[in-house]
Amino acid sequence: MQASEIWGERWINNALPMARTYMEVACRKQSLVCLAADRKTMAGLNELLDQVGPYLAALKTHVDLIDDWSVESWEAFCTKAKSMDLLIFEDRKFADIGKISRDQMSGVYNIRQWADLVTAHLISGQDIVDGLQAGWNDVGRNGGVLLLAQMSSRGNLLSPDYTDTVVKTGSIHDGVFGFIGNGSKPDDLKILREKVGQGKLIWTPGVNIAIGDGEMGQRYGAPDEAIRAGSDCIIVGSGIHKSEDPAKSAKSYAEISWKALLDRR
Ligand code: S5P
């Protein structure tokens with residue numbers, strides 16, 4: 001089956017090239033799983049990628065938490081991820097003014113050169129999206145911005161009004177790939193999906209087969225419920241990288257997510 005048939009309205013209403021690329025990758029891999037690869041060494045990251053790469057559609061990184069990061073080791077890691085047909089998503093949570101965000105796409109980490117997706121807060125205004133898109137444009141690459149509309153952590157300051165403004169502004173901006181929603185609360189997610197409409201993608205952290213509270217205020221909901229409520233990608237960290245058998249866990253998240261997407265159609 002073609003990606004356009006599987007994704008239906010989402011495909012029709014989202015023409016951002018990177019959004020369509022994601023929808024195609026998800027179909028090839030039969031997985032709506034983005035791994036939050038929160039390991040602190042290159043060896044740890046490479047080991048994880050070797051184990052679970054086949055079951056993922058995307059790989060989410062925090063490039064600034066790697067102890068032994070180097071340009072060469074990162075380049076090799078990204079090349080491997082690409083060879084496994086994965087999108088690379090740097091969860092940098094940019095929040096500065098447009099021109100500084102553009103510059104932050106370069107610098108030591110040179111995020112614009114290897115990341116297909118990045119996260120941003122809209123707290124500084126919508127020019128941040130143009131700044132980040134300009135960053136990719138500066139090196140002739142395409143990318144997509146995921147705006148934080150909700151967060152999964154307890155006590156966060158993203159109020160319902162703030163969420164509405166992010167959705168309203170982001171939904172009509174071409175550079176926006178989609179939104180980060182809270183996967184731990186399917187009911188809230190349903191409401192978010194109604195507000196977002198059928199075009200932009202919603203990606204959700206706060207998902208784990210073992211639902212409930214996580215470490216330091218993190219909260220978890222069930223992966224299939226998140227997708228049925230309107231999530232288009234589940235961001236899973238500890239559920240995979242802290243599991244005794246990461247490959248087996250990644251495979252079950254992939255199967256659950258794919259089945260939930262087919263059920264949702
Ligand atoms: O609201 C949020 C937004 C994000 S991007 N809550 C989150 O937990 N995240 C990220 O998702 C967080 O930075 C981490 O990398 C991942 C969740 O990891 P887990 O181990 O709790 O599944």
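Two strands are said to pair if DSSP finds at least two bridges between them. Helices (H or I, at least four residues) and strands (E, at least two) are themselves DSSP runs, numbered from the N terminus. In this predicted model, local features need pLDDT of at least 70 and side-chain atom pairs count only at pLDDT 80 or more, while totals for chains, interfaces and linings use all residues. Residues are numbered from 1 along each chain as its sequence is written, and side-chain values use heavy atoms, with hydrogens and water left out.

Strand S6 (residues 176-180) runs parallel to S7, and the two pair over 3 bridges. Within this pairing, Ile180 stands opposite Trp203 in S7. In a regular strand the side chains alternate between the two faces of the sheet. In S7 (residues 201-204), Leu201 and Trp203 lie on one side and Ile202 and Thr204 on the other. These four residues are all buried (under 20% relative accessible area, with a 1.4 Å probe and protein chains only), so both faces of S7 are covered.

Attention now turns to a serine. Ser257 belongs to helix H13 (residues 246-264) and is buried, with a relative accessible area of 0%. A polar atom of the Ser257 side chain lies 3.0 Å from the backbone nitrogen of Leu32. Leaving aside residues up to four places away in sequence, Ser257 touches Ser31, Leu32, Val33, Ile227 and Ile234, where contact means heavy atoms within 4.5 Å.

The model also has pockets. On a 1 Å grid over the protein atoms alone, a pocket is an open set of points where a 1.4 Å probe fits, with protein on both sides within 12 Å along at least five of seven lines; lining residues have an atom within 4 Å of a point. The volume of the largest pocket is about 680 Å³, counted as the space filled by probe spheres set on the points. Its lining holds 27 residues, with Asp38, Ser152, Pro205, Gln218 and Tyr220 nearest the centre. Strand S3 (87-94), strand S10 (233-236) and helix H12 (238-241) each give two or more residues to this lining.

The second largest pocket has a volume of about 280 Å³. Of its 15 lining residues, Gln150, Leu158, Pro160, Thr163 and Asp188 are the closest to its centre. Helix H9 (160-171) and helix H10 (186-196) each contribute two or more residues to this lining, and the largest share, 4 residues, comes from H10.

Conventions: Buried means under 20% relative accessible area, exposed over 50%, partly exposed in between (1.4 Å probe, protein chains only). A polar contact is a pair of N or O atoms within 3.5 Å; within protein, one must be able to donate a hydrogen and the other to accept it, and residues adjacent in sequence count only if both atoms are side-chain atoms.
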